[in-house]
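Colleague: I am new to this structure. Could we go through it by question and answer?

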Amino acid sequence: MPQAPVRLRCEFTNNPLGVAVQKPRLSWWTDDDRDAEIQSAYEIVAASSERLLGGDQADVWHSGRVDSDRCAHVAYEGPELLSGQRIWWKVRTFDSDGLSSGWSEPAFFEMGLLNTEDWEATSWIATDLQGSFSHSSPVAVIRREFELPDETLSARLYVAALGDYRAEINGQRIAGCTFPAVWCEYDDEVYYQTYDITPHLSEGANAIGVLLSDGYFAGDLAGAGRNVYGARPRLRALIRADLADGQQVVFGSDQSWRWTASWILAAELNGGEDLDARQYRPGWSRPGFVEQRWLPVEPLNDRTPELRSQQYESIDVTRELRALDDPRESRAGERSNLVYDFGNVVVGRSAIELTCAGSDEVCVYYSLDETFDTYTVDRITTPEDRERWMFRPEFAVHSFRYLKVEYTRARTRVGGVVATRLGFSEKPALEFLSDHSTPNELIEVMHQSIEGVALSV
């Protein structure tokens with residue numbers, strides 16, 4: 001008898017938000033370890049809530065028994081789907097003798113914003129910050145406070161950017177907002193991301209804050225230079241919150257948002273960042289923050305590219321790596337260098353623990369060769385008298401095996417240094433494992449390389 005199906009996916013993704021097609025494609029793995037057994041049929045039920053699904057009440061769609069060995073690209077055939085609608089579904093399969101498996105664990109998919117009018121509460125907003133053909137501008141920090149009159153049952157944040165961004169609500173970084181930048185033909189289309197922000201909201205005062213950088217839109221593109229699509233990054237955002245009292249609160253980016261230049265003085269996605277930690281503004285994404293000399297944003301309506309939902313899981317930190325051995329140290333006057341070897345190529349960022357006895361200029365160099373003949377660099381002005389401070393680049397992505405930290409020994413002590421590899425959180429569908437270490441290591445290196453190439457594309 002077959003076991004219940006596993007690894008349920010919609011549009012190749014686990015429980016996706018922001019689905020943008022009217023007939024999403026469903027898939028699953030059959031779970032039957034008997035030799036020569038195949039799936040002969042399947043049955044899908046879909047409901048408007050997990051509770052109804054658990055009671056086998058298919059108030060949205062019931063496929064009935066379908067004679068087919070197909071377990072991928074099975075299209076949803078229920079009623080027309082609406083913006084923001086969540087569908088719960090499960091599946092069971094039948095073997096070659098017609099015996100059914102148990103029902104799978106429940107899965108869901110949630111629709112994105114399907115209509116242009118869904119974005120009518122918003123406009124594109126921009127600041128006065130603008131880079132040149134040779135240098136990026138400071139990263140803008142943009143914020144707005146808002147009130148919620150009751151407890152939040154469910155809330156979504158939809159964000160599109162001509163550039164790159166990081167978003168926080170009430171002082172907390174939104175899950176999945178590690179690397180949302182997506183290259184596209186910005187004149188024609190822009191991808192937006194969907195976030196579940198329910199856990200971040202509370203009754204009463206709330207605040208949203210966004211760091212907005214050049215990204216692929218205005219940043220340096222290899223072989224093409226800067227400002228290929230425009231000089232000023234822009235943002236469009238929408239929050240929809242369903243409250244316990246039955247209200248739905250909807251608001252978005254408009255002239256009420258305010259901005260100032262941030263502590264990130266320059267950021268190139270493929271080049272590096274300049275950061276002055278002394279200018280950091282604690283509480284910038286919390287309610288009650290005092291916006292001294294902050295300016296109103298500028299609403300812009302001159303650019304209307306098509307907004308399309310990003311249909312794959314967000315890029316995030318997939319692994320933290322430590323150096324193979326203790327760093328190699330060298331000195332030149334008051335300056336010291338520590339060189340770390342991580343053993344293989346990392347496409348990602350660093351996380352460096354610093355103890356600061358005074359403001360210092362710290363440079364973090366990234367290179368694929370230990371001579372550092374070619375490199376990218378993050379430049380940091382450290383805070384003063386900080387017992388422990390963690391440096392993590394926000395926007396730059398580096399390809400490196402070797403990392404060098406240059407600092408003033410009398411002012412700074414370097415603690416733990418970690419390389420953070422970026423990639424897709426979805427695990428590969430197939431894995432390879434042999435009883436010999438060499439092919440295992442080779443496959444691991446190939447997988448890491450493919451992840452890096454996919455990220456760079």
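Modeller: Gladly. A definition comes first: two strands pair if DSSP finds at least two bridges between them. Keep in mind that this is a predicted model.

Colleague: Which residue in S15 stands opposite Glu145?

Modeller: Start with the two strands. Strand S10 covers residues 140-148, and strand S15 covers residues 204-213. They pair in the antiparallel sense over nine bridges. In S15, the residue opposite Glu145 is Ala207.

Colleague: Which are the edge strands of the open sheet of six strands?

Modeller: The order is S13-S12-S15-S10-S18-S21, with antiparallel pairing. An edge strand pairs on one side only. That leaves strand S13 (172-173) and strand S21 (295-296).

Colleague: How many salt bridges does a search of the whole structure find?

Modeller: Side chains of opposite charge can pair when their charged atoms come close. Searching the whole structure gives a total of 30.

Colleague: Is Glu110 buried or exposed?

Modeller: Glu110 meets Arg86 in a salt bridge, 3.2 Å from N to O. Arg86 is in strand S7 and Glu110 in strand S8, so the pair ties together parts 24 residues apart in sequence. Arg86 has 24% relative accessibility and counts as partly exposed. Glu110 has 3%, and the cut-off is under 20%, so Glu110 counts as buried.

Colleague: How many residues apart are Glu268 and Arg226?

Modeller: Their closest N and O atoms are 2.6 Å apart, in a salt bridge. Glu268 is in strand S19 (residues 264-268), while Arg226 is in the loop between helix H2 (215-218) and strand S16 (234-243). Both count as buried, Glu268 at 15% relative accessibility and Arg226 at 5%.

Colleague: Which strand holds Arg335, the partner of Glu406?

Modeller: The two side chains meet in a salt bridge at 3.0 Å, N to O. Glu406 lies in strand S30 (residues 398-408). The pair ties together parts 71 residues apart, because Arg335 lies in strand S26 (residues 335-356).

Colleague: What is the relative accessible area of Phe432?

Modeller: Phe432 sits in the loop between strand S31 (412-424) and helix H3 (437-456). With Leu442, Ile443 and Met446, Phe432 forms a nonpolar surface patch of about 370 Å² accessible area together. Patch residues need over 30% relative accessible area. Phe432 is partly exposed, at 46%.

Technical notes
Residues numbered from 1 in each chain as written. Predicted model: local features only at pLDDT ≥ 70, side-chain atom pairs only at ≥ 80, totals over all residues. Heavy atoms only, no water. Patch = residues over 30% accessible without salt bridge, like charges linked within 9 Å, V, L, I, M, F, W, Y side chains within 5 Å. Areas by Shrake-Rupley, 256 points an atom, 1.4 Å probe, with all protein chains shown as cover. Salt bridge = Lys/Arg side-chain N within 4 Å of Asp/Glu carboxyl O. Helix = DSSP H or I, 4+ residues; strand = E, 2+ residues; numbered from the N terminus. Buried < 20%, exposed > 50% of the residue type's maximum accessible area, 1.4 Å probe, protein only.
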